[in-house]
Amino acid sequence: MAEIMLKSLAHSYLESPRHAEDFAIREMTHVWQQGGAYALLGPSGCGKSTLLNIISGLLVPTSGEVHFDGNVVNPLPPEERNIAQVFQFPVVYDTMTVYDNLAFPLRNVETSETKVSERVEEVADVLDLTSLLKRKAKNLTADEKQKVSMGRGLVRDDVSAILFDEPLTVIDPHLKWKLRRKLKEIHQRFNITMIYVTHDQLEASTFADKIAVMYEGQVVQFGSPRELFERPGHTFVGYFIGSPGMNFMRVRASDGHLYSGDVLLPITSSSLYENVTRCTSDNIQLGIRPEFIEVHDTPVERALESEVIQVQDLGTYSILSLRLGNVALKARVEEGEPLPADKAYIHFPEAWTGLYVDEYRVESGDE
Amino acid sequence: MNKIRNNRAWLLILPMLLLVAFSAIIPLMTVVNYSVQDVFDAHTRFFTGTEWFEATLNDRDLQAALLRQFAFSFTVLAIEVPLGIGIALLMPKRGWQASAVLVLVTLPLLIPWNVVGSIWQIFTRGDIGLMGVGLRGMGYGYSITSSAVDAWATIVLMDVWHWTPLIALLCYSGLRAIPEAYYQAARIDRASKWSVFRYIQLPKLTNVLVIGILLRFMHSFMIYAEPFVLTGGGPGSSTTFLSQSLTTMAIAQQDLGPSAAFSLIYFLIILLVCWVFYTAIMNMQKEKYHGES
């Protein structure tokens with residue numbers, strides 16, 4: 001049981017990194033509270049697994065410190081960190097039985113056999129492995145093997161945290177859901193810090209209380225699934241979470257109004273306008289999720305006229321592809337709501353419209 | 001379900017059958033032919049039945065050679081397999097060192113058999129050989145021409161030097177094929193070095209070791225050129241192995257009938273041992289499978 005803190009951590013696989021791009025992990029400070037269920041979400045190659053391997057000690061970071069409960073553990077090898085890690089592809093000891101596999105981490109630290117059998121049986125029960133205990137691990141199916149791998153992480157009751165590195169990649173879709181539930185159950189039962197690496201937003205949001213979204217070696221946002229959806233802290237989070245991703249349009253301020261290209265945006269919030277005028281950067285964008293755009297089929301006050309390019313019917317809802325000036329937008333229309341044919345009149349509710357400067361969200365003063 | 005039966009596909013194996021006939025069956029049948037007859041010249045021959053086989057099986061010299069042969073094969077296997085695994089474990093995994101060590105380890109494999117014999121013959125000579133002179137200098141009266149123990153030890157040493165690299169190379173390739181995640185998982189599980197070897201590396205080496213042991217058994221059971229050049233089978237007949245007895249019989253004495261019978265028995269022994277070994281290994285794996293289900 002431990003709180004894990006990463007302090008000014010950075011890592012590069014190169015001998016002498018010079019530019020920011022040379023780093024797999026750019027300098028970051030981050031805290032994982034004891035007992036939390038966390039997900040580390042991001043595309044392939046963003047540094048998720050690197051970060052996980054640094055926490056478990058399989059990798060030594062280029063700079064910065066890893067703290068477990070306030071103690072620096074950088075010099076400790078994985079064996080001494082009391083960390084369990086489950087890998088993407090199941091690792092089982094082929095020649096051993098399932099029972100011996102589960103008992104292995106305990107026997108390595110000279111645990112008494114009565115304790116071993118007690119723990120193994122408990123974990124086997126949680127993971128539905130009891131009927132397989134006497135079988136050799138070699139001929140199990142992929143998901144059974146992965147359960148055995150997870151089980152080896154769970155048998156030790158002294159672990160500081162369990163790290164999962166995309167553990168459900170090899171599992172059949174219908175079993176994924178079951179195993180994810182199982183993990184959640186285990187988390188509630190044992191109260192262990194769990195960090196779950198994945199590139200699947202659904203997997204992340206069903207498992208974790210809080211998700212850290214990684215992009216280009218940095219944690220760009222750390223928050224609950226709802227926060228990530230409603231208030232993405234970075235344009236990447238906007239794109240990556242939600243389907244389809246968030247709409248972004250470049251804006252500029254001119255004589256008291258905001259423009260996207262030549263289109264005047266009817267924004268009433270003065271603080272938003274001021275925020276834009278105060279920016280020195282010219283990378284200023286407004287972001288709004290397709291779900292939050294209000295779509296009308298007839299002109300209404302303060303709505304902008306846009307052209308309907310395509311309608312995608314997805315059963316219970318439709319996705320509209322729209323063109324506003326020269327910006328492409330997507331909007332979601334629920335079943336039963338009027339579906340515009342050629343012209344859609346759209347309105348951006350200000351509560352759901354975010355300002356992004358240099359890709360990061362800037363909160364308006366009046367919110 | 002009306003399946004159309006057409007057996008003409010069997011014709012497609014004819015070329016293969018022809019090839020095997022010329023490469024294996026016909027030469028073998030010639031040997032069989034000689035083994036059951038006493039051939040004097042192109043027109044005179046007598047059918048002898050199993051006479052040559054009985055004579056060969058009851059020949060005390062051949063029995064002794066067979067025992068020596070088994071002793072030799074098992075000795076070199078017992079040394080080369082563990083040593084080969086050990087070397088493979090110690091070899092560097094990447095970088096230029098890996099390539100360099102790989103070349104160095106492979107070197108003995110590239111030397112022709114009788115050259116190996118000659119090298120060791122000179123190496124062990126008491127007057128000019130490094131090993132011969134060296135051992136004598138240390139006070140040990142080393143001589144492969146007078147001491148059967150020395151001759152044996154030297155032949156075993158020579159074979160180990162020549163062929164351990166094969167086992168090492170096979171194991172090295174087997175070890176490289178183990179995914180890094182296994183080692184990482186073992187570290188997380190706090191496994192000792194021995195456990196890593198016992199439960200990860202050794203199981204993953206089973207397949208290459210089966211091949212290695214089969215190859216090495218067949219090789220060593222047929223060993224000829226190296227001891228022939230080094231000791232000539234002596235002192236006495238202490239290092240005369242089966243193939244040398246066979247050569248003496250067939251070439252020097254021109255006893256074609258008994259030699260043919262001997263060749264067949266020799267061939268059957270190798271076939272039998274390989275079959276028994278292979279079946280045993282396969283059964284071991286199958287038992288594991290059945291034991292579970």
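## Helices α2 and α3 of chain A

In this predicted model, Y99(A), L102(A), A103(A), L106(A) and R107(A) of helix α2(A) meet E113(A), V116(A), S117(A), R119(A), V120(A), E121(A) and A124(A) of helix α3(A). By class, seven residues of this contact are nonpolar, one is polar and four are charged.

Helix α2(A) covers residues 98-107 and helix α3(A) residues 113-126; their axes lie 9 Å apart and the packing angle is about 130°. Helix α2(A) is therefore oblique to α3(A). The crossing in which α2(A) passes α3(A) is right-handed.

## Helices α5 and α7 of chain B

In chain B, helix α5 (residues 113-123) and helix α7 (residues 148-176) have axes that come within 11 Å and cross at roughly 130°. These two helices, α5(B) and α7(B), are therefore oblique to each other. Helix α5(B) passes α7(B) in a right-handed crossing.

On the side of α5(B), the contact is made by W113(B), V116(B), G117(B) and W120(B). Helix α7(B) contributes T154(B), L157(B), M158(B), W161(B), H162(B) and W163(B). Seven of the residues in this contact of α5(B) with α7(B) are nonpolar and three are polar, with no charged residues.

## Helices α8 and α9 of chain B

The axes of α8(B) and of helix α9 (residues 193-221) of chain B come within 11 Å, crossing at roughly 165°. Helix α8(B) is therefore roughly antiparallel to α9(B), as angles over 145 degrees are counted in that class. The crossing of α8(B) and α9(B) is right-handed.

The contact of α8(B) with α9(B) comprises five nonpolar residues, one polar residue and one charged residue.

Across the whole structure, a search finds three cavities of 30 Å³ or more. The largest cavity holds about 80 Å³ of space. It is lined by 13 residues, of which Q85(A), F87(A), S149(A), R152(A) and A185(B) are the closest to its centre.

Elements of chains A and B take part in the lining of the largest cavity: β6 (83-86) and α4 (142-155) of chain A, together with α8 (180-188) of chain B, each give two or more residues. The lining of the largest cavity divides into eight nonpolar, three polar and two charged residues.

Conventions: Residues are numbered from 1 along each chain as its sequence is written. Chains are lettered from A and ligands numbered from 1 in the order in which they are written. This is a predicted model: local features need pLDDT of at least 70, side-chain atom pairs count only at pLDDT 80 or more; totals for chains, interfaces and linings use all residues. Side-chain values use heavy atoms; hydrogens and water are left out. Axes are lines fitted to C-alpha atoms, for helices over the stretch in contact, and angles run from 0 to 180 degrees between N-to-C directions. Helices (H or I, at least four residues) and strands (E, at least two) are DSSP runs, numbered from the N terminus. Angles under 35 degrees count as roughly parallel, over 145 as roughly antiparallel, 65 to 115 as roughly perpendicular and the rest as oblique. A crossing is left-handed if the near helix is turned anticlockwise from the far one by less than a right angle, and right-handed if clockwise. Contact means heavy atoms within 4.5 Å. Ala, Val, Leu, Ile, Met, Phe, Trp, Tyr, Cys and Pro count as nonpolar, Asp, Glu, Lys and Arg as charged, and the others, Gly among them, as polar. On a 1 Å grid over the protein atoms alone, a cavity is a set of points where a 1.4 Å probe fits but cannot get out, and a pocket is an open set with protein on both sides within 12 Å along at least five of seven lines; lining residues have an atom within 4 Å of a point. Grid points are joined across faces, edges and corners, and a volume is the space filled by probe spheres set on the points.
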